[in-house]
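Please read them with the structure open beside you.

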Amino acid sequence: MEYIKELSNNTLKELKFQHYSKILIILFISISLFSIWNLYSQKLTAEYNYNLYLQSVDKYANTDESLKEALNSPIDVQSLEGEDNTNGEIVSNIVRYDYESVASSVNNLKMERIGSITLEWLTFVFFPFFFGMFGIYIGTYDLKYKTIKIKAVQQNFFLLLFSKQLSMYLSAIIILSSSLLVSYITGSIFHKMLSDRIPINEFQLNIQTLDDNMFLQFLFSLSVAIIYSTLGFYLGLLFKGIIGPTILLISYNFILPVFGEYDLRNLIAVLAHKIFSFTGNFKLFEPKDVSTTLVFSLLFFIGAIFTIFIYKISEKRSKYVI
């Protein structure tokens with residue numbers, strides 16, 4: 001009981017520091033702005049697709065072909081590879097193709113799709129960087145402000161590290177939930193604006209997209225935030241600074257290619273394609289195939305080994321120079 005009480009008190013102190021340091025509000029505003037940007041781009045895409053559809057309809061008006069017949073006919077899309085290795089597509093029944101594009105983009109701004117579109121965009125583009133940097137900050141701020149010596153002497157060092165991690169995970173839940181709320185409000189506004197410019201009820205998807213399980217998608221996105229915040233936290237502890245971990249984080253997420261099927265990014269992508277449909281503007285890369293059981297096993301094994309290693313290293317270091 002005393003152990004739980006101390007852990008709770010330490011975690012509460014860490015959350016208070018995150019609040020006072022403005023790191024939570026910075027994360028929330030940054031992530032919310034990117035979610036709003038994504039939804040606005042979805043609106044622009046719908047308007048652009050609608051203009052293309054109107055152009056296709058005008059072309060059909062100058063031919064003997066029936067527009068109604070064309071809209072009820074299937075689409076044939078053939079891939080085309082040029083001599084300079086450029087890829088393209090040959091589309092028959094372009095009016096039906098444009099109709100489907102409008103219907104899909106309009107569908108992405110419906111209330112039941114807003115959460116999925118937002119999580120697809122944020123989870124795989126921004127969460128690795130933002131939450132990775134968040135973890136680095138939490139792992140190094142005691143060194144920066146010279147408070148590590150006092151905390152290490154006054155408290156159980158294992159509990160100190162664990163409370164920091166727990167506070168990160170609680171903060172991730174708060175930030176993710178708040179950002180989703182903002183996206184739902186913003187998305188509904190953009191949907192209303194779109195309905196004033198496009199007769200959205202005239203565009204219905206012929207084939208329904210993958211049913212969205214928002215609870216499962218939320219848990220998955222939260223897991224990605226936890227994975228990268230933990231990774232950043234451990235790198236911060238290991239390097240005892242911000243510059244080294246930041247360079248590694250940026251290089252890994254934005255510069256280096258995926259190394260193979262056992263790369264963390266590939267393992268996450270394998271699970272992501274089973275949970276998200278990626279019908280919005282963002283398309284996640286096709287991962288190299290790995291069984292779901294092996295993915296979970298590797299994530300658990302790597303996480304456990306890394307945790308034990310970092311905690312042991314931190315425990316052996318001097319409580320005055322960590």
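1. Basis of the note. This is a predicted model, in which local features need pLDDT of at least 70 and side-chain atom pairs count only at pLDDT 80 or more, while totals for chains, interfaces and linings use all residues. Residues are numbered from 1 along each chain as its sequence is written, and side-chain values use heavy atoms, with hydrogens and water left out.

2. Packing of α9 and α12. Helix α9 (residues 214–239) packs against helix α12 (residues 292–316) at an angle of about 30°, and their axes lie 10 Å apart. The two helices are therefore roughly parallel to each other, a term that applies to angles under 35 degrees, and their crossing is left-handed. Helices here are DSSP runs (H or I, at least four residues), numbered from the N terminus.

3. Residues at that contact. From α9 the contact draws on L231, Y234, L237 and L238, and from α12 on F306, T307, F309, I310, Y311 and S314, where contact means heavy atoms within 4.5 Å. By class, 8 of the residues in the contact of α9 with α12 are nonpolar and 2 are polar, with no charged residues.

4. Two positive phi values. Most residues other than glycine have a negative phi. K22, in the loop between α1 (2–20) and α2 (23–61), has a phi near 70°, and F278, in the loop between α11 (264–275) and α12, has a phi near 55°. Is each of these residues buried or exposed? K22 is partly exposed, with a relative accessible area of 48%, whereas F278 is buried at 6%; buried means under 20% relative accessible area, exposed over 50%, and partly exposed in between, with a 1.4 Å probe and protein chains only.

5. S183 in α8. S183 lies in helix α8 (residues 157–197) and is buried, with a relative accessible area of 0%. The side chain of S183 reaches the backbone oxygen of L180 at 2.6 Å. Leaving aside its neighbours within four places in sequence, S183 touches S35, L39, I114 and T118.

6. D98 in α4. Which residues are in contact with D98, leaving aside its neighbours within four places in sequence? They are N49, L52, Y53 and S56. D98 itself belongs to helix α4 (residues 94–107) and counts as buried, at 8% relative accessibility.

Note on methods
Axes fitted to C-alpha atoms, helices over the stretch in contact; angles between N-to-C directions. Parallel < 35°, antiparallel > 145°, perpendicular 65-115°, else oblique. Left-handed = near helix turned anticlockwise from the far one by under 90°. Nonpolar A, V, L, I, M, F, W, Y, C, P; charged D, E, K, R; others polar. Polar contact = N/O pair within 3.5 Å; in protein donor to acceptor, adjacent residues only side chain to side chain.
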